[in-house]
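Please open the structure in your viewer and keep the selection panel at hand.

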Amino acid sequence: MAKQALEGINVADFSWFAAGPIAAQAMATHGATVVRVESESHMDGLRGVGPFPTGKTGHNVSGYYNNYNANKLNLTLNLNLDKGKEMALRLIKWADVFITNITPRVIERWGLTYDDLKAQREDIIAVYQPMQGFDGPHRDFLGFGAVLGPITGINHLTGFPNRAPAGLGTNYPDYVVNPMHTLTAVMAALHYRHLTGKGQRIELSQLESVVASLAPAVMDYMANGRIAERAGNRLPHAAPHGAFPCQTIKVATPFGEADEQRWCVIACFSDEQWQTLKGALGNPDWADARFDTLAGRKDHEDELEAKVGEWTLPQFPEDVMEKLQAAGVPAAVVQNSRDLLDDDPHIKERGYYQYLDHAEAGRTAYDGPGFRLSKTPAEYRTPACMLGEHNQQVCKDILDLSSEEIADLMVEQVLF
Amino acid sequence: MADGPAALDGVRVLDLTCEMGSYCTKLLADLGADVIKVEPPGGDPARNIGPFVADQPGPDAALTFLNQNTSKRGITLDLDDEADRDKFRKLVPDADIVVADLPPGRLSALGLGYEALTKLREDIIVTSITGFGLTGPHKDYLAPDIVGVAMGGIMWLAGDLEDPPNLPFGHQGYFSACAQAAAGTTMALYHRDMTGEGQLVEVSMQEALMIAQETAMQAYDLTKAVRGRAGARGALPISIPGIGPYEANDGWIWGYVGTPGGAPWSELLQFMVDEGMAEDLTEEPYKDVIDQLNLRFLTGLAINAEEREKHTPTLQHINEVFTRFCSAKSKWDLYENGQKRRILIGIVSTPEDLAKNPQLEARAWYQDVGGVRYPGPPYRLSETPWQIERPPPKVGEHNAEVIG
């Protein structure tokens, strides 16, 4: 069995919430040794946010936190004490990669700037994920995901034009765009260090990282002065292109049985796909020559969507998907978390979800890898780290402290 | 243009991607890799997707295409033609990485699958970006972006319950798959650095997106509750003053007031007092509720229906006064002056707001290349800066220098 890709790489993870921890977890599941640094007074906010396993409470059982912190060691350090800062710098000496998404102000207060780190470890790769950058007039503006998303423009552009700009219903940039941009930069820097021996500082402004992924709309304004508006589920170069209602089903919920409206998506990018869809609809009378061209379908898109919706309404979305995909028309189930965890046969066969036994949370699911390396696949070995769980192990094996020194740190509430 | 070193200097990439996968190779190219984009004769079909520069369709004017193909060289080959496939094979021994977004099995059918490529270059890294990955019952499904975001679970969460699920703007399925693919590809490159071993990097758009369901997966795993669409409320059970979208006199802002990290609601009240628009919120019962309007209080309301009912009229009134305050001010005023008080308020940026954003301007983020203004770096590397080394290639622009 090949070594994992990042075996031998040490990561000091001073990040919190999602954008940093997810990037660090991807390193941890590919073999890096990751030490997650928190403290009782400055613990990851996600520890206090649900969902929690039914009937369980405490800092170590949040599903939100746990999903991003498998395979990590946890060290609690009080960075407001000089001795805590000293231990942090000791950890930096050990680290190949340092990562944080803490604000520039706090970075400076805690003495964790690139210059501070470089003094400890010349070739360190130091990763900062500020909201908007370490300079500029909005440097100290605040923005967790919920506020960052709107600032990046994705809320203005997503959804139906008659609704408020509600966005994606999640702190979307936190989960893929920012952590995977970050990981790409880290890996490029590790490659460069391998060739030259040089480390470097990486700054990922979360605003810049996300706007980079909304390019066409911004470029359209800069090139043509056009301010794109919310267009619902439509695209200029496809029709139909949207979500259509399917049969309502009965589902079990924690509050008893309930109705669930099901949905499918259908998209035609060519006249050929439309003709195939028309055939699947049974060549109805309404589907006349007006709909033969993209321009015609765009002109009558309201009617087109209403008619397609009448056809899907009595059906199960799984049947619509299978029927249309077999015929050559893009279609899919709008899946929810139950579909993905319990029912999607493709996800099951590919074994995407990982299940780990956690001392307090029990056996729970973790998102699997977002990319698969054929010879050095991700491994989910240990469940999410609990607060301070590895203090002694990290102090002894990584910071090389004696039992007496560790005891002092505990008594002085440095390991806290 | 290139003065300093780039992180991926000397890394050669053969790029068999079109609309779905070309952001992945853009990321590699802007980090310094020599990316050779292989287009079918006539060019990448994405050259026909609008919007266009000056609204004039043309192969070198499609904004999506332009953005996703910076810093690359371009050649044309007809991979259905054996002679052209041979030309492609001749490039493989000098290549480090091949990235493709072709349907599963297509490369193998052309005799250019992973195994075949390793015969031409043993330590080659091959990255495959597809809708559903290379195995499994759905692997051959047609997978435009909307299929990925539907099957990956994020569309279910977007929008108002009264509407159909919303399509996330901007091909987020493609982008997520490409960001995952770039991370996986550079990780495979590092592994090759250390061991001399190449490998296959496989990305499924569906899997690339699934972690972006936020807490929906865990909510079902831990409590069997299916998180649904809640529009502006997000995951909260009721409307909370200061949280979500509010209409300013010229657009929208988004509040997240009272959550950790930002100033407490009392600071927002002070903002409204200073502007003479607090109305009766400094009086009881409003003042008392405002003083405790934090995440703990809200969590209490979420789990206790009785408390919720008790406080609802008070919260509604606070919300109405705040709504009036917002509607009297501009979005930039609320955003910048709110943030100066450390109140968690964001502007709901339009493309115009982004183009004129003073922060992006101060950091000289946008890049002018070949008469087109592009989004700038997603990350800044101090030793090996990101840069657009050249404008996107014209169709077959580098045929002569690459394949002779």
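Select A:Gly197 to begin: this residue comes just after helix 8 of chain A and takes a positive phi of about 80°. The model is a predicted one.

Because 17 of the 20 residues are buried, helix 8 of chain A is largely enclosed by the rest of the structure.

Next, display chain B as a whole. Its secondary structure comes to 17 helices and 12 strands, and its C-alpha atoms fill a box of roughly 80 × 50 × 40 Å along the principal axes. Of the 404 residues in chain B, 56% are buried. Among contacts in chain B with a separation of 6 or more, 67% join residues 24 or more positions apart.

Within chain B, select helix 1, residues 22-30. Nine of its nine residues are buried, including B:Tyr23, B:Lys26 and B:Asp30. Helix 1 of chain B is followed by B:Gly32, which has a positive phi, near 110°.

Now turn to the largest nonpolar core, which has 249 residues. Which residues have the most contacts inside it? They are A:Phe98, A:Cys264, A:Val265 and B:Ile253. Helix 7 of chain B, residues 172-195, gives the most to this core, with 12 residues.

Finally, centre the view on A:Phe98. Leaving aside neighbours within four places in sequence, A:Phe98 is in contact with A:Ala12, A:Phe14, A:Ile92, A:Leu117, A:Ile124, A:Ala126 and A:Val127.

Notes:
Residues numbered from 1 in each chain as written. Chains lettered and ligands numbered in written order. Predicted model: local features only at pLDDT ≥ 70, side-chain atom pairs only at ≥ 80, totals over all residues. Buried ≥ 20, exposed ≤ 12 C-beta atoms within 10 Å, placed from the backbone. Helix = DSSP H or I, 4+ residues; strand = E, 2+ residues; numbered from the N terminus. Core = buried A, V, L, I, M, F, W, Y, C linked by C-beta atoms within 7 Å. Contact = placed C-beta atoms within 7 Å.
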